[in-house]
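Please read the following account alongside the sequence and the coordinates.

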Amino acid sequence: MEPILSRFAAIVGANNALSDPSDVVPYLAEPRDLFHGRAAMVLRPGSTDEVAAILKLASETATLIVPQGGNTGLVGGQIPDNSGRAIIVSMSRMNRIRELDASASTVTVEAGVVLQRLREAADEAGLLFPLSLGAQGSCQIGGNLSSNAGGTGALVHGTARDLCLGVEVVLPTGEVFDDLRKLKKDNTGYDLKNLFVGAEGTLGIITAAVLKLVPRPKGRELAWIGLGSPRAALDLFRRANDRAGPALTAFELCARNPLDFVLRHQEGATDPLAAPHPWYVLAEISSGRSAQDARALMEEILTDGFEAGLLADAAVAQNLAQQAAFWLMREEMSWAQKPEGASIKHDISVPVSAIPAFIEQADKAVARISADARVVCFGHMGDGNLHYNVSQPVGADRVGFLALYRDMNDAVHAVVREFGGSFSAEHGIGSMKRDELARTAPPVALDLMRRIKQNFDPAGIMNPGKVI
């Protein structure tokens, strides 16, 4: 082992400094298998002090650092380049829930806490941590904050940024910024924590955070709804939102293609409705009063939708197991594309009112590039975020289809810009979208980001090649 690497290993101990290729390889590729890298070593610190020592030494020796959480990111933000010079800092050992304050409805957690574990701890305290993602069984809070994760709960509760009250961050110099406060009101200068939430590890490493909890609903109802078009779904959303307000905690839209993929590839999945429909909505009502109140509100929304001619059919989950089955089908839509061949992804957002027109125009743009490609559109209609993905034509060559990636992205993102939207709604920039950000962001915004990066990380060691 090189002398410098030995110094890094001494900080965390031999058992937590991985250099054998077989030990390092799980950290070098992301779930979609699009980004691969090499690393000199993987370090697994167990405390903030160890992270601080790692970054102090990295600044002194100009060693590149790539922070990594649960390695569930989809844009390559957690993967090193192919130089083999970088050290990956895995946060998996920093996994303590430091405090759950039920009276203040806050929880203080370390960066390596798995999202599902946090949600279970909140539930045991009679509360809810509302961030909910398909990868919640393995993603970690540090990564959720670093990418400003969204998910199905963003309709009411916002993204990870909206759920964060304070952070503890180790800066590239090894200094520790301790802002672990529970305050909901604090106007003492710049809100520094929001520089790190969404920065994808380019300004420092989040080691802990104070997060908001909310009351656990006393009643939930979930309905799988078949309808004819996104315009009907938008009309239904407006009506449901008018009646339910914040009790409408999810409003997910999907086309038939992603459901077909799930039915083919998810073991035990069954179509929730008797006949197929072009489009579907998964709507959730959460009541703080009672199960009866949630049921009555859902029935009112569905009745109104049927009477307005918006709905063709609907199934309300009859028990917790069926609710879980409905949600699992929605969550599996991302992974069910993989057995269908190559897929070109778009994580976009547009104003909610523009969703039907966006889908119509984007479909035409896709057809001009690949007439037989299969659009796989699903996502969080209630907050304007769609995963507008495109799977290869049946029987097509995978490599040939992926060669269209840039053209397809450019065409779909051009439609996004027409509607004043964003080409990165919740997955981040990482490596995948860095060049597009440089091409399309306002020059002043890019200049400000570069100035911030230079001031925080003058040695350029933090997650190089990501974001900007």
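The model is a predicted one, in which local features need pLDDT of at least 70 and side-chain atom pairs count only at pLDDT 80 or more, while totals for chains, interfaces and linings use all residues. Residues are numbered from 1 along each chain as its sequence is written, and side-chain values use heavy atoms, with hydrogens and water left out.

Helices and strands are DSSP runs numbered from the N terminus, a helix being H or I over at least four residues and a strand being E over at least two. Two strands are said to pair if DSSP finds at least two bridges between them. Strands of a sheet pair through backbone hydrogen bonds, either parallel or antiparallel.

An open sheet of 4 strands has the order β1-β2-β4-β3, with mixed pairing. Its edges are β1 (17-18) and β3 (65-68); each has a single partner strand, so one side of each is left without a neighbour in the sheet. Within this sheet, strand β2 (residues 41-43) pairs with strand β4 (residues 87-90) in the parallel sense through 3 bridges. M41 has I87 in β4 as its bridge partner. Helix α1 (residues 3-12) lies across β1, β2 and β4 and runs at about 25° to β2; such angles are taken between the N-to-C directions of axes, which are lines fitted to C-alpha atoms, for helices over the stretch in contact, and run from 0 to 180 degrees.

An α-helix has 3.6 residues a turn, so residues three or four places apart point the same way. After α3 comes A62, with a positive phi near 55°.

The loop between α3 and β3 contains T63. Is T63 buried or exposed? T63 is buried, at a relative accessible area of 9%. Contact means heavy atoms within 4.5 Å; leaving out residues up to four places away in sequence, T63 touches I4, F8, A58, R85, I87 and I461. The side chains of T63 and T61 are joined by a polar contact of 2.7 Å, a term for a pair of N or O atoms within 3.5 Å in which, within protein, one must be able to donate a hydrogen and the other to accept it, residues adjacent in sequence counting only if both atoms are side-chain atoms.

Attention now turns to the antiparallel strands. In strand β10 (residues 205-212), 7 of the 8 residues are buried. Strand β6 (residues 106-110) runs antiparallel to β10 and is joined to it by 5 bridges, with T108 opposite V210. Strand β8 (residues 164-170) is also antiparallel to β10, through 6 bridges, and V169 has I206 as its bridge partner there.

β8 pairs with strand β9 (residues 176-179) as well, antiparallel over 4 bridges. These two strands form a hairpin with 5 residues between them, and G174 in the turn has a positive phi of about 95°. G166, in β8, is buried, with a relative accessible area of 0%. Beyond its neighbours within four places in sequence, the contacts of G166 include D179, A208 and V210. G166 and A208 are 42 residues apart in sequence, and their C-alpha atoms are 8.6 Å apart in space.

Definitions and conventions
Buried < 20%, exposed > 50% of the residue type's maximum accessible area, 1.4 Å probe, protein only.
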